[in-house]
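Dear colleague,

Please read the notes with the model open beside you.

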Amino acid sequence: MASITLNNIKKTYEDGVTVIENLNLEIKDKEFIILVGPSGCGKSTTLRMIAGLEEISDGELKIGDKIVNNVSPKDRDIAMVFQSYALYPHMSVYKNMAFGLKNRKVPKEEIDKKVMAAAKMLDIESYLNRKPRALSGGQRQRVALGRAMVREPSVFLLDEPLSNLDAKLRTEMRSRISMLHKQLGTTFVYVTHDQTEAMTMGDRIVVMKDGVVQQFDTPQMLYNHPKNMFVAGFIGSPQMNFIDCMVKRKGENYFLSFGNYEIVLPNRMNDYLVMYDNKEVVFGVRPEDLSIVKGKDEVNSFDLYVDIAEMTGADYYLYGTFNDKKIIANVPSNNNIKSDKKYKFKIDIDRIHIFDKINERLICD
Ligand SMILES: Nc1ncnc2c1ncn2[C@@H]1O[C@H](COP(=O)(O)OP(=O)(O)OP(=O)(O)O)[C@@H](O)[C@H]1O
Ligand SMILES: [Mg+2]
């Protein structure tokens, strides 16, 4: 059993600054969990507390059923992989991978079996006699993974393991790590600030900001039902558009009014909007939920002057400004689009998100 439970975890560093006030997480056995958030939000601190490399100021940390606050890192049955690889430069790949087991006095034949099995899985068998300096970044990172694997831990902790690699290698290593997780069937906790990594790899994702969990959910839920504007803006690329508007009611229907435009909201939103009649809110719409329309007076549409049209291959990213706010639309490249031209965009109202302007929480979507 390698579930991980954080109950009311607090972290105050020696300088007296509290970076995590009250963190609660329940990570299930065998889950692939991603911690994601902007720089300084407390991802590494959280991971290092789970690893036992950082003291926990208050609260309770459990691995399986056991409280481990005071258990030393080597007795926690975990292995950690760092961004910097942290390989021993004077040792061969084989020795780097065998080192931990040798220290634990594991018999030679057993070490050999484990190192060879890990090397095979990671496709680094032909480098076993090389020193780390004779390897590429991606190969070094695989050695670091291998060194963690041979210990057969029940939890893998990975702190931005791919951030030193170029884009192509990152993509390759991403799927390799996902495969590894499937094959090993152990719990993975993976830190990144790359939301593509988060979305593609995680069973569930913890979105953090300033030491506080904003949402802990599946990638699909984070993308389609973000609980606040921070999550909505953080997950998804290009970013969700946010437009200030006013809620209006006419008879049975609610509208959002912005500039000279009005959009009609679906009736299922009515109950949520009662408190917001005549109040300012923010509506969010993802770039792909805006589409170009040719007709004259399409409902739920607005005019946008496209400053720049970027062709990415399959899509165009269209950048414009509406009421002083940047707007991005993502439309298929089979449209024939030019920069410096005005287009009419239709908003897919089944895909919009309405947020409270003050506390930035979701009202309805
Ligand atoms: N040893 C320390 N003493 C005091 N403050 C620290 C210490 N280590 C980290 N911090 C502070 O704690 C906060 C969280 O740091 P942490 O390293 O956990 O962030 P992170 O989310 O991993 O960021 P990044 O994406 O940049 O790696 C930051 O404000 C950081 O300055
Ligand atoms: Mg970090």
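Just after helix H5, Gly 185 takes a positive phi of about 60°; helices (H or I, at least four residues) and strands (E, at least two) are here DSSP runs, numbered from the N terminus. Please bear in mind that this is a predicted model, in which local features need pLDDT of at least 70 and side-chain atom pairs count only at pLDDT 80 or more, while totals for chains, interfaces and linings use all residues. Residues are numbered from 1 along each chain as its sequence is written, and chains are lettered from A and ligands numbered from 1 in the order in which they are written.

H5 itself covers residues 167–184, and its 18 residues should span 26 Å at 1.5 Å a residue, which agrees with the 26 Å between its end C-alpha atoms (the expected span is 1.5 Å times one less than the number of residues). Within H5, Met 173, Ile 177 and Leu 180 are buried, where buried stands for 20 or more other C-beta atoms within 10 Å of the residue's own, exposed for 12 or fewer and partly exposed for values in between, with C-beta atoms placed from the backbone. These three cover an arc of only 60° around the axis, and therefore lie on the same side of H5; the arc is that of the directions from the helix axis to the C-beta atoms. In general, an α-helix has 3.6 residues a turn, so residues three or four places apart point the same way. The buried residues of H5 pack against helix H3 (108–122), helix H4 (137–149) and helix H6 (195–201), contact being counted if the C-beta atoms of two residues, placed from the backbone, lie within 7 Å. The face of H5 turned away from the buried side carries exposed residues, including Lys 168, Ser 175 and Lys 182.

Helix H3 also holds Val 115, which counts as buried because it has 23 C-beta neighbours inside 10 Å. Leaving aside residues up to four places away in sequence, Val 115 touches Tyr 94, Met 97, Ala 98 and Val 150.

Turning to the ligand, 13 residues surround ligand 1, the closest being Tyr 13, Ser 39, Lys 43, Ser 44 and Thr 45; a residue is taken as near if its C-beta atom, placed from the backbone, lies within 6 Å. Helix H1 (residues 43–51) gives the most to this shell, with 3 residues.

Some backbone details deserve a look as well. Asn 8, in strand S1 (residues 4–12), has a positive phi near 50° without being a glycine, and Asn 8 is exposed, with 11 other C-beta atoms within 10 Å. Asp 324, in the loop between strand S17 (315–322) and strand S18 (325–332), likewise is not a glycine and has a positive phi of about 70°; Asp 324 counts as exposed because it has 6 C-beta neighbours inside 10 Å. The peptide bond from Ser 237 to Pro 238 is cis, with omega near -5°, and Pro 238 sits in the loop between helix H8 (229–234) and strand S11 (241–250).

Lastly, the protein is divided into domain 1 (4–234) and domain 2 (241–360), with bounds from an automatic or database domain assignment. Their C-alpha centres lie 39 Å apart, and the contact takes 5 residues from domain 1 and 6 residues from domain 2.

With best wishes
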